[in-house]
Amino acid sequence: MPRLGRNASGSPVGCLEGANALATLDIRLQGDPVLRKIAKPVKKVGPAVRSLLKDMAETMYAANGVGLAAPQVGIAKRIIVVDAGDGLMELVNPELIRAEGQEVGVEGCLSIPGLIGEVERFAKVTVTCLDHDGRQRWIEGEGLLARVLQHEIDHLNGVLFTDKALAVHEARSEGEEGEEDEGEAAEAAEGAESLEEAGPEAESAVSFEVAPDAARED
Ligand SMILES: [Zn+2]
């Protein structure tokens, strides 16, 4: 299974085996006005915020994502969850305070299924935030983590990766599983992007909320 994380208290996050037990939220798609709002800072990290963080994490894992921002589930609050391979991170009021270097990498977005693009991002970032107990945290990240943090913080400012991408392509690569009918095509593309199915080659073609396989250009 991909990315079964554990939260700070050590209990498993999500139950990927029993998909029907998940408290997954509906992911808003491009065109939904909530994705273009400037999200509001969280004043107090209480039970409602913790419950949202939990549901967001479950939603992210269920979608094989590596990050999810609250506006993507219809909530214009400054809250994101990230798992770039080192376990779940829950960030409330995240703020980019330091950045260095530039790197171009491939990204996708759970709110923009079927599209990927090359985006230039800072190679290394420092982000401050509150954790799920309201404690101040500093997170340093590079590579995929830095990219995901920047992508998710952009969501809080109403910015989508397609606004910044140097180029945008269809995510579906040719010769993948033959032809499906229209209805199934979208679903198939989504599946093709799961980390689980991504080969080593795809892994280096850093991707995103929706991950790699489709990022290959062959
Ligand atoms: Zn996104």
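This is a predicted model: local features need pLDDT of at least 70, side-chain atom pairs count only at pLDDT 80 or more; totals for chains, interfaces and linings use all residues.
Q: What comes just after H2, in terms of phi?
A: Just after H2 comes Gly158, which takes a positive phi of about 75 degrees.

Q: How far apart are the end C-alpha atoms of H2, and what span should its residues give?
A: The end C-alpha atoms are 21 Å apart, and this agrees with expectation, because the 14 residues of H2 (residues 143-156) should span 20 Å at 1.5 Å a residue.

Q: Is H2 mostly covered or mostly open?
A: H2 is mostly covered, with 12 of its 14 residues buried, and among these are Arg147, Gln150, His151, Glu152 and His155, as well as Leu144 and Ile153.

Q: And what covers those buried residues?
A: The cover includes strands S1 (67-69), S2 (79-82), S3 (89-108), S4 (115-130) and S5 (136-142), together with helix H3 (161-164).

Q: Switching to the strands, in which sense do S2 and S3 pair?
A: They pair in the antiparallel sense over four bridges, and Ile79 has Val92 in S3 as its bridge partner. The hairpin of S2 and S3 has six residues between the strands, and in it Gly85 takes a positive phi near 115 degrees.

Q: How many bridges join S3 and S4?
A: S3 and S4 are paired over 13 bridges, in the antiparallel sense, with Glu95 standing opposite Thr128 in S4.

Q: Which residue in their turn has a positive phi?
A: That is Gly114, at about 90 degrees, in a hairpin where six residues lie between S3 and S4.

Definitions and conventions
Residues are numbered from 1 along each chain as its sequence is written. Helices (H or I, at least four residues) and strands (E, at least two) are DSSP runs, numbered from the N terminus. The expected span of a helix is 1.5 Å times one less than its number of residues. A residue is buried if 20 or more other C-beta atoms lie within 10 Å of its own, exposed if 12 or fewer, and partly exposed in between; C-beta atoms are placed from the backbone. Two residues are in contact if their C-beta atoms, placed from the backbone, lie within 7 Å. Two strands pair if DSSP finds at least two bridges between them.
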